[in-house]
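Open your viewer and get ready to click through the model one stop at a time. At each stop there is something to select and a short note on what is there.

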2 protein chains.
Amino acid sequence: MPAAERFALYLSKHRLKMTRERRALLEHVLSVRGHFDVDDLLRRLGRTGHRVSRATLYRNLPVLVESGLIHKVEMARGQARYERMVGRHHHDHMVCLGCGDILEFESPEVERIQEEVCRRKRFVMTGHTHQIRGYCGSCAGDGRARGKER
Amino acid sequence: MPAAERFALYLSKHRLKMTRERRALLEHVLSVRGHFDVDDLLRRLGRTGHRVSRATLYRNLPVLVESGLIHKVEMARGQARYERMVGRHHHDHMVCLGCGDILEFESPEVERIQEEVCRRKRFVMTGHTHQIRGYCGSCAGDGRARGKER
DNA sequence: ATAACTGCAAAAGGTTTGCAGTGAT
DNA sequence: ATCACTGCAAACCTTTTGCAGTTAT
């Protein structure tokens, strides 16, 4: 099912409305490649003449998340980033402390171990966060990797 | 080496001073069992008559972290918690969305996989965060587990 | 018609910082 | 005598919220 349709369905199921703002937001969110934050989105929307307030963004990103179209990635110090999830499957992140770049990785084995840990502790998992911090190939070379963990 | 001595050594190495406030903070941090946040600490310090300002706490927790005596655990929505690390080894966390409880787990296998992923992507790891969210045994039973992921 | 939605501006919540005075080395 | 440290209050930053007016259904 196309993402737009999926979103429309989600909205109607929850008695939410398909507003001009949501349409604009959806369109942009689907076209971004890579990770983005609220400011990125605001800038993009502004550039294309869509006026969507910051408050509306903050109110609607959770809706996009719940509908499964995007994922929220919590970064250190309470900064949230998002990423499109349509047509993609689960993965985790490596964050470069040098250039801020985000690499992705996936490991079915880690997933399996997680599930086993939960089973053993009688814990019902609803989600997880697995981030590796460090320095990417180019940053590790130039001396910045000597900086301390933050 | 005793923790207090280790801290003193760290301080002098970095030309930092052993103040009354740092002594009080150290003492409390070592005696807490489990995880704590800045408010917990402030409350505890107050209760025992030590007056340490919030600013001083915020300025010194990073020092304790750097010296390796405590670890910072970043929770969702930018809330930081800390935990004593003296005499303990690495572990990760399972956070109960029902009661807020934090369970710990460790998996040498996950660590191994992480390292391998980093090697493959030429990523120099300096740290990682691995949290499982969900509901602990007691909370999963009472219907709260039906709540949505947050 | 009626809920839900939006923008605005204020508020909140956690953390950081400038300043002037204090204290460890 | 230095230079780091402290408390205070103000500043910051990201996110949330109350309100009054707007719009999708």
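Buried means under 20% relative accessible area, exposed means over 50%, and partly exposed is in between, with a 1.4 Å probe and protein chains only. This is a predicted model, in which local features need pLDDT of at least 70, side-chain atom pairs count only at pLDDT 80 or more, and totals for chains, interfaces and linings use all residues. Residues are numbered from 1 along each chain as its sequence is written, chains are lettered from A and ligands numbered from 1 in the order in which they are written, and side-chain values use heavy atoms, with hydrogens and water left out.

**Stop 1: two loop arginines**

Start by selecting Arg15(B). You will find Arg15(B) in the loop between α1 (3–13) and α2 (20–31) of chain B; helices (H or I, at least four residues) and strands (E, at least two) are DSSP runs, numbered from the N terminus. Is Arg15(B) buried or exposed? Arg15(B) is exposed, at a relative accessible area of 74%. Its phi is near 55 degrees, a positive value in a residue other than glycine.

Now go to Arg122(A), in the loop between α5 (108–120) and β6 (124–135) of chain A. Arg122(A) has a phi near 50 degrees, again a positive value in a residue other than glycine. Its relative accessibility is 62%, so Arg122(A) counts as exposed.

**Stop 2: chain A as a whole**

Show chain A by itself as a cartoon. How many helices and strands does chain A have? There are six helices and six strands, and along the sequence they follow the pattern α-α-β-α-α-β-β-β-β-α-β-α. The C-alpha trace of chain A spans about 45 × 40 × 25 Å along its principal axes.

Chain A has 150 residues, and 40% of them count as buried. Among its contacts (heavy atoms within 4.5 Å) with a separation of 6 or more, 44% are between residues 24 or more positions apart.

Switch to a surface view. Chain A exposes about 8600 Å², of which carbon and sulfur atoms supply 48%; accessible areas come from the Shrake-Rupley method with a 1.4 Å probe, and for residues only the protein chains shown count as cover. Colouring by charge picks out 29 positive and 19 negative side chains in chain A, with the centres of the two sets 6 Å apart. Here Lys and Arg count as positive and Asp and Glu as negative, while His and the chain ends are not counted. The place of a charge is taken as NZ of Lys, CZ of Arg, CG of Asp or CD of Glu.

**Stop 3: a serine in a loop**

Select Ser67(A), in the loop between α4 (54–66) and β2 (70–75) of chain A. At 11% relative accessibility, Ser67(A) is buried. Leaving out residues up to four places away in sequence, Ser67(A) touches Arg6(A), Phe7(A) and Tyr10(A).

**Stop 4: a leucine in a helix**

Leu64(B) has 1% relative accessibility and so counts as buried. Which residues does Leu64(B) touch, not counting those up to four places away in sequence? They are Phe7(B), Leu25(B), Leu26(B), Leu69(B) and Ile70(B). For a distance check, Leu64(B) and Leu11(B) are 53 residues apart in sequence and 9.7 Å apart in space, C-alpha to C-alpha.

**Stop 5: a histidine and its polar contacts**

Next, show the side chain of His35(B), in strand β1 (residues 35–36) of chain B. With 16% relative accessibility, His35(B) counts as buried. Its side chain makes a polar contact of 2.9 Å with the side chain of Glu83(B) and another of 3.1 Å with the side chain of His93(B). A polar contact is a pair of N or O atoms within 3.5 Å; within protein, one must be able to donate a hydrogen and the other to accept it, and residues adjacent in sequence count only if both atoms are side-chain atoms.

**Stop 6: where the chains meet**

Finally, display both chains and select Glu74(B), in strand β2 (residues 70–75) of chain B. Glu74(B) is partly exposed, at 22% relative accessible area. Not counting residues up to four places away in sequence, Glu74(B) touches Ala76(A), Arg77(A), Gln79(B) and Gln131(B).

To relate the copies, chain B is superposed on chain A by a rotation of 180 degrees with 0.0 Å of shift along its axis (RMSD 0.1 Å). That is the relation of a two-fold axis. To find the axis in chain B, select Gly78(B), whose C-alpha is the nearest to the axis, 1.8 Å from it. Copies are superposed by least squares on the C-alpha atoms of residues with pLDDT of at least 70 in both. Of the interface residues of chain B, 98% are also interface residues in chain A, so the copies meet through the same surface.
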